[in-house]
Amino acid sequence: REEKLKRINESIRAFPDFPTKGILFRDICPILKDPKSLTAVIDLFEDYVRQKHQDVDLIVGLDARGFLFGPLLAQRLGIGFVLVRKKGKLPGPTVSVAYDLEYGKAEAEIQEDAVAPGQKVLLIDDLLATGGTLNAACALLKKQQADIVGCVVVVELKDLNGADKIKPHTVFSLVQY
Ligand code: PRP
Ligand code: HPA
């Protein structure tokens, strides 16, 4: 586990003043470029889910970087993957909710038939900053009467207290800054 975390840590870069002044942007792209890092991420997520949430029915990934890790984890676990997308991208009847980001505003959407009432879902994204995005996704899933078992992210920016915004749901992260 320590070796895997080290490998993941070494695959995250920081860019000052991106996308706007004052933001130190944590870039996870090198994880995807290094197969060992990517495998380490999915391994550690899989261990966590198998230990804490054996009964999860679906992985719900957040647009766009949650889509990079979510389907890999879902496939490992042998369960389905569902997309929460930015507004206007999903066909058919959708449910939507507006939210604030660390550096802007957005609106999230899910297909109305994506999750059945009572299904146990685990949310996944690359990074937790203010928690606005994950909180919005939780609101969408609540509208669909899903049972949210928790959230997982690769990176958690502790100073922004995003985990507080997601309460009572728990956030599991691999790397913290
Ligand atoms: C980033 C990141 C998370 C979110 C975290 O995505 O990938 O989804 O912001 O911020 P928050 O905790 O303050 O809500 P972004 O909206 O930039 O979109 P992208 O994944 O499409 O690049
Ligand atoms: N990196 C990537 N995505 C983000 C960040 C960051 O530092 N802050 C908010 N979304």
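I began at proline 168, which sits in the loop between helix H6 (162-166) and S9. Helices (H or I, at least four residues) and strands (E, at least two) are DSSP runs, numbered from the N terminus. The peptide bond from lysine 167 to proline 168 is cis, with omega near 5 degrees.

I noted the ground rules next. This is a predicted model: local features need pLDDT of at least 70, side-chain atom pairs count only at pLDDT 80 or more, and totals for chains, interfaces and linings use all residues. Residues are numbered from 1 along each chain as its sequence is written, while chains are lettered from A and ligands numbered from 1 in the order in which they are written.

Proline 19 is in the loop between strand S1 (13-16) and strand S2 (24-27).

Aspartate 17 belongs to the loop between S1 and S2. Its phi is near 60 degrees, a positive value in a residue other than glycine. I checked burial by C-beta count: 20 or more other C-beta atoms within 10 Å of a residue's own make it buried, 12 or fewer exposed, and anything in between partly exposed, with C-beta atoms placed from the backbone. Aspartate 17 has 10 such neighbours inside 10 Å, so it counts as exposed.

Asparagine 161 also has a positive phi, near 55 degrees. I found it in the loop between S8 and H6.

For context, most residues other than glycine have a negative phi, and most peptide bonds are trans.

**The chain as a whole**

I counted six helices and nine strands in the chain. Its radius of gyration is 15 Å, close to the 16 Å from the globule rule for 177 residues, so the chain is as compact as a globular protein of that length. The radius is taken over C-alpha atoms, and the rule is 2.2 Å times the number of residues to the power 0.38. Along the principal axes, the C-alpha atoms fill a box of roughly 40 × 40 × 30 Å. Buried residues make up 33% of the 177.

I then turned to contacts, meaning pairs whose C-beta atoms, placed from the backbone, lie within 7 Å. Among contacts between residues at least 6 apart in sequence, 60% join residues at least 24 apart.

**Helix H3**

H3 (residues 35-52) has 18 residues. From first C-alpha to last it reaches 26 Å, close to the 26 Å expected at 1.5 Å a residue; the expected span is 1.5 Å times one less than the number of residues. Which residues of H3 are buried? I listed Ser37, Leu38, Ala40, Val41, Phe45 and Val49. Down the axis of H3, the buried residues fall within an arc of 160 degrees, so they line one face of the helix. The arc is that of the directions from the helix axis to the C-beta atoms.

What do the buried residues of H3 pack against? Their partners are helix H1 (2-9), helix H2 (29-33), helix H4 (66-77), strand S7 (120-128), strand S8 (147-156) and strand S9 (171-176). On the other side of H3, Pro35, Lys36, Asp47, Arg50 and Gln51 are exposed.

I also checked glutamate 10, in the loop between H1 and S1. It has 12 C-beta neighbours inside 10 Å and so counts as exposed. Its C-alpha is 8.8 Å from that of serine 37, 27 residues apart along the chain.

**Ligand shells**

I sorted residues by class: Ala, Val, Leu, Ile, Met, Phe, Trp, Tyr, Cys and Pro count as nonpolar, Asp, Glu, Lys and Arg as charged, and the others, Gly among them, as polar.

Around ligand 2 I found Phe25, Arg26, Glu102, Leu127 and Ala129. That shell divides into three nonpolar, no polar and two charged.

**Last stop: glycine 118**

Glycine 118 is in the loop between strand S6 (104-111) and S7. It is exposed, with 10 other C-beta atoms within 10 Å. Leaving aside neighbours within four places in sequence, glycine 118 is in contact with Gln145 and Asp147.

Terms used:
Contact = placed C-beta atoms within 7 Å. Near = placed C-beta within 6 Å.
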